[in-house]
Amino acid sequence: MEEPFLWATPEDVRGARTTDVYFERTLKVLKGEGLDRVEVHAEITISALPSGYGWAVYAGLREVLKLLEGKGVDVYSLPEGTLVRQNDARGYRIPVMAIEGPYGEFALYETALLGFLAAASGVATKAARVKKAAGNKLVLSFGARRTHPAIAPFVDYYAYVGGCDGVSCVKGAELLGITPSGTMPHSLMIVFRAVKGDHTLAWLAFDKHVEPGIPRVVLADTFWDEVEESMAAAKLLGSKLWGVRLDTPGSRRGDMAAIVREVKWKLEAAGFRGVRIVVSGGLDEYTIPKLAEAGADVFGVGSAIANAPFIDYAMDIVAVKVDGEWKPIAKRGKLSGRKQVYRCWDCLTDLVTLAGEPRPSCPKCGKPMQPLLEKVMEKGVLKAEPEPPQKLREKVLSQVARVEL
Ligand SMILES: [Zn+2]
């Protein structure tokens, strides 16, 4: 049968069709030897952070739990949206998740679950970095066109969880339960200019036809200089004009911050106060601060978030149940044994301990530490409903406020 598109369906993922083949072969061997029901404790750690990152947003738990639902496993995890470093205060690798149960129940899902975590955490972490760089300005995820359409809603979901204020993809917004954000493409002005001889008529037509609740943001760089287009839009739409978007092509940019500054100044000098400046095109956490300082109010970010460097996670067996007892065992380079992670929420210090050890005090400030790993799934059944994205986003933002970029 010819595939309509080159992608895996949800049934393919649930049916382990996206697994690396060596897990299929391993399972075959274990089954052949009667060892596939051996109970193991496998933990997931961050094996590499992208260069320059001191922390990541742990994300993708929602998808992993959907994948493991109905399998005979227990899952322990950090809460989704937890800011996490690779190592604890003593340099020990922090487990972010642990799966416990007969190895045959989940061996085939390692590939997919690591992929979910890598992609979700990569996107959420980049969004958090971009939002932090933007300060109190708005950040919109415009990344749908910069990724495979099958995962565009996933990218928008985790871009929002990471801190974006809105998303442009219709399906992404639907899954988030928010109204999609967007302005207008250059094609709208081109059609009006070609047929009616005046592209500014497109702005009036937009105002006439689009629902009243949608902010009037005019794309102000299609044919004329940004100042000229912005002034024309302000004159035509008056107080209805929420903002102007500048998506100036690279060949005309020069100094974008200076263009933003000039548009803002001249609009105000002409009496059009409070018109927001929306900037898009090639933005990331490194280019945004200068534009924010120049007076830009909203940032549309595509590639940087949709093509964010992924967070590399690894899954390793660290204990095996033999004769009813958990036996600590791990490959070289990894820490054996079932563990707990403690955090001091006062100074954000983390400690990894063996499970069952007494709760430690913070080695930095002496305050009591809180356990981070909690059982989220028992024998394939969710212990609690996943937290809604709005709540996850607030959690991420409150933690991001306390760390450096
Ligand atoms: Zn502390």
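How do α9 and α10 lie relative to each other: roughly parallel or oblique? In this predicted model, local features need pLDDT of at least 70 and side-chain atom pairs count only at pLDDT 80 or more, while totals for chains, interfaces and linings use all residues. Residues are numbered from 1 along each chain as its sequence is written. Helix α9 (residues 201–209) packs against α10 at an angle of about 40 degrees, and the two axes are 10 Å apart. The pair is therefore oblique, given that angles under 35 degrees count as roughly parallel, over 145 as roughly antiparallel, 65 to 115 as roughly perpendicular and the rest as oblique. Here axes are lines fitted to C-alpha atoms, for helices over the stretch in contact, and angles run from 0 to 180 degrees between N-to-C directions. Helices (H or I, at least four residues) and strands (E, at least two) are DSSP runs, numbered from the N terminus.

The crossing of α9 with α10 is right-handed; a crossing has this hand if the near helix is turned clockwise from the far one by less than a right angle, and is left-handed if the turn is anticlockwise. On the α9 side W203, L204 and D207 take part, and they meet A233, L236 and L237 of α10. Contact between two residues requires that their C-beta atoms, placed from the backbone, lie within 7 Å. Sorted by class, the contact of α9 with α10 holds five nonpolar, no polar and one charged residues. In this scheme Ala, Val, Leu, Ile, Met, Phe, Trp, Tyr, Cys and Pro count as nonpolar, Asp, Glu, Lys and Arg as charged, and the others, Gly among them, as polar.

Helix α10 (residues 226–237) also packs against helix α11 (residues 256–269), with axes that come within 9 Å and cross at roughly 35 degrees. This crossing of α10 with α11 is right-handed. From α10, the residues E226, V227, S230, M231 and A234 meet I259, E262, V263, K266 and L267 of α11. The residues in the contact of α10 with α11 comprise six nonpolar, one polar and three charged.

Another helix pair is formed by α5 (residues 110–134) and α6, whose axes come within 7 Å and cross at roughly 45 degrees. Helices α5 and α6 are therefore oblique to each other, and their crossing is right-handed. Helix α5 contributes A120, V123, A124 and A127 to the contact, while α6 contributes V155, Y158, A159 and V161. The class count for the contact of α5 with α6 is eight nonpolar, no polar and no charged.

Turning to the chain as a whole, the model contains 14 helices and 18 strands. The C-alpha trace spans about 80 × 60 × 35 Å along its principal axes. The domain assignment, with bounds that come from an automatic or database source, gives domain 1 (10–121 + 309–339 + 372–400) and domain 2 (180–301). Taken over C-alpha atoms, the centres of domain 1 and domain 2 are separated by 45 Å. Of the contacts between residues at least 6 apart in sequence, 68% join residues at least 24 apart. Buried residues account for 42% of the 405 residues in the chain; a residue is buried if 20 or more other C-beta atoms, placed from the backbone, lie within 10 Å of its own, exposed if 12 or fewer, and partly exposed in between.

G163 sits in the loop between α6 (152–161) and β7 (166–167) and is buried, because 24 other C-beta atoms lie within 10 Å. Neighbours within four places in sequence left aside, G163 is in contact with A127, A128, K131, V139, R393, V396, L397 and V400. From G163 to K235 the C-alpha to C-alpha distance is 34 Å, and the two are 72 residues apart in sequence. I190, in helix α8 (residues 186–196), is partly exposed, with 14 other C-beta atoms within 10 Å. I190 and A202 are 12 residues apart in sequence and 8.8 Å apart in space, C-alpha to C-alpha.

Backbone geometry is also worth a look. D323, although not a glycine, has a positive phi of about 50 degrees. D323 belongs to the loop between β12 (312–322) and β13 (325–328) and is exposed, as 5 other C-beta atoms lie within 10 Å. L348, likewise not a glycine, has a positive phi of about 55 degrees. The loop between β14 (339–344) and β15 (349–354) holds L348, which counts as partly exposed with 16 C-beta neighbours inside 10 Å.
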